[in-house]
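Subject: Structure handover

Hello,

Please find the structure below. My notes on it follow.

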Amino acid sequence: MFDYPVVGVDAMLPNGKDIKFELYPEYQLYVYLGGRYKQTMNARQYINFQRRINRVNKPMADYVLCAHLLDRNLDAFVADLKKYYEVNDSVTLPRHYREALTLYMHTHTAPAIIYKDNVGATDYEDYQLLERKFDNEHDKKNALRRMFGNTYWYYYDYQR
């Protein structure tokens with residue numbers, strides 16, 4: 001998800017202007033997500049509506065979680081992650097969810113969820129080491145983008 005520059009939650013669904021499907025029929029996406037409605041809604045409204053009427057299937061759950069990540073709302077992400085995924089050592093979560101949980105564990109003294117990912121923790125430590133290596137903000141951001149530009153950590157800290 002963070003391999004390309006993302007511009008926020010509204011980029012998650014077609015809007016008829018900036019974000020369009022070229023080949024795939026748009027209605028098929030909405031069928032996949034659990035429903036299409038006559039009223040026009042932006043992505044955030046659609047996601048919130050689906051949640052309000054309890055039409056959150058597996059793909060919609062991922063849209064909800066990704067919306068939290070795009071909003072940099074780790075607390076909401078963790079709260080909803082517990083609803084939609086079983087979080088334990090035997091379940092492999094999507095990469096950016098693991099990165100977000102690693103960041104969450106490093107930024108909360110009393111986390112609502114305990115998550116351990118040794119590889120992710122090591123990568124995050126490397127990210128922090130590289131971040132501390134540079135005094136110049138421009139050089140720091142460029143170095144981090146080269147090494148970690150497709151991570152949730154980089155998005156969280158530097159994508160605006």
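I start with salt bridges. Lys83 forms one with Asp80, with the closest N and O atoms 3.0 Å apart; a salt bridge here is a side-chain nitrogen of Lys or Arg within 4 Å of a carboxyl oxygen of Asp or Glu. The model is a predicted one, in which local features need pLDDT of at least 70 and side-chain atom pairs count only at pLDDT 80 or more, while totals for chains, interfaces and linings use all residues. Residues are numbered from 1 along each chain as its sequence is written, and side-chain values use heavy atoms, with hydrogens and water left out.

Lys83 and Asp80 are three residues apart in helix 4, so about one helical turn separates them. Helices (H or I, at least four residues) and strands (E, at least two) are DSSP runs, numbered from the N terminus. Lys83 is exposed, with a relative accessible area of 57%, whereas Asp80 is buried at 3%. The classes are buried for under 20% relative accessible area, exposed for over 50%, and partly exposed in between (1.4 Å probe, protein chains only).

By the salt-bridge rule the count comes to eight. Another of them pairs Asp71 with Arg44, where the closest N and O atoms are 2.7 Å apart. Asp71 sits in the loop between helix 3 (58-70) and helix 4 (74-84) and Arg44 in helix 2 (residues 43-52), so this pair ties together parts that are 27 residues apart in sequence. Both ends are partly exposed: Asp71 has a relative accessible area of 36% and Arg44 one of 37%.

Glu99 and Arg95 also meet in a salt bridge, at 3.0 Å from N to O. The two lie in helix 5 (residues 95-107), four residues apart, which is about one turn of the helix. Glu99 is buried at 7% relative accessibility, and Arg95 is partly exposed at 32%. Elsewhere, salt bridges that share partners join Arg51, Asp80 and Lys83 into one network.

Next, the pockets. On a 1 Å grid over the protein atoms alone, a cavity is a set of points where a 1.4 Å probe fits but cannot get out, and a pocket is an open set with protein on both sides within 12 Å along at least five of seven lines; lining residues have an atom within 4 Å of a point. Grid points are joined across faces, edges and corners, and a volume is the space filled by probe spheres set on the points.

The largest pocket holds about 350 Å³ of space. Its lining has 16 residues, and Pro14, Asn15, Tyr30, Thr40 and Met41 lie nearest the centre. Helix 1 (26-33) and helix 2 each supply at least two residues of that lining. By type, the lining of the largest pocket has seven nonpolar, five polar and four charged residues.

The lining of the second largest pocket divides into four nonpolar, four polar and five charged residues.

In helix 2, Ala43, Tyr46, Ile47, Phe49 and Gln50 are buried. These residues cover an arc of only 165° around the axis, which puts them on the same side of helix 2; the arc is that of the directions from the helix axis to the C-beta atoms. The buried residues of helix 2 pack against helix 1 and helix 3.

Asn54 lies in the loop between helix 2 and helix 3 and is exposed at 70% relative accessibility. Arg72 is in the loop between helix 3 and helix 4 and is partly exposed at 22%.

Arg72 is also one of the contacts of Tyr156, along with Leu74 and Leu103, when neighbours within four places in sequence are left aside; contact means heavy atoms within 4.5 Å. Tyr156 is in helix 8 (residues 152-158) and is partly exposed, with a relative accessible area of 23%. Tyr156 and Leu70 are 86 residues apart in sequence and 8.1 Å apart in space, C-alpha to C-alpha.

Regards

How values were computed. Ala, Val, Leu, Ile, Met, Phe, Trp, Tyr, Cys and Pro count as nonpolar, Asp, Glu, Lys and Arg as charged, and the others, Gly among them, as polar.
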